[in-house]
Amino acid sequence: MEEFRSTAKWLWWGALPAVILIGRILLLVAGIYQILAFANMPEELEEKPKVDSSIY
């Protein structure tokens with residue numbers, strides 16, 4: 001039984017950094033998408049045509 005307890009402890013301590021590592025990788029990917037989004041933004045925003053609300 002002690003071997004299983006030891007195995008569970010090592011699995012726990014091995015899985016904990018894996019979760020953190022995956023989270024950091026996802027944050028890195030999100031940062032790259034954010035950089036790409038800002039790089040592809042237009043210089044000026046186009047103005048939407050105004051809709052006449054008296055029709056509705």
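Buried means under 20% relative accessible area, exposed over 50%, and partly exposed in between, with a 1.4 Å probe and protein chains only. This is a predicted model, in which local features need pLDDT of at least 70 and side-chain atom pairs count only at pLDDT 80 or more, while totals for chains, interfaces and linings use all residues. Residues are numbered from 1 along each chain as its sequence is written, and side-chain values use heavy atoms, with hydrogens and water left out.

**Helix H1**
- Helix H1 covers residues 2-39; helices are DSSP runs (H or I, at least four residues), numbered from the N terminus.
- The end C-alpha atoms of H1 are 56 Å apart, which agrees with the 56 Å that its 38 residues should span at 1.5 Å a residue (1.5 Å times one less than the number of residues).
- H1 lies largely in the open, because the number buried among its 38 residues is zero.

**Salt bridge**
- The count is one salt bridge, defined as a side-chain nitrogen of Lys or Arg within 4 Å of a carboxyl oxygen of Asp or Glu.
- Arg5 and Glu2 form a salt bridge at 3.3 Å, N to O.
- Both Arg5 and Glu2 lie in H1, three residues apart, about one turn of the helix, and both are exposed.

**Ile32**
- Ile32 lies in H1 and is partly exposed, with a relative accessible area of 45%.

**Segment after H1**
- Ser53 lies in the segment after H1 and is exposed, at 61% relative accessible area.
- Ser53 and Arg24 are 29 residues apart in sequence and 48 Å apart in space, C-alpha to C-alpha.

Key: Helices (H or I, at least four residues) and strands (E, at least two) are DSSP runs, numbered from the N terminus.
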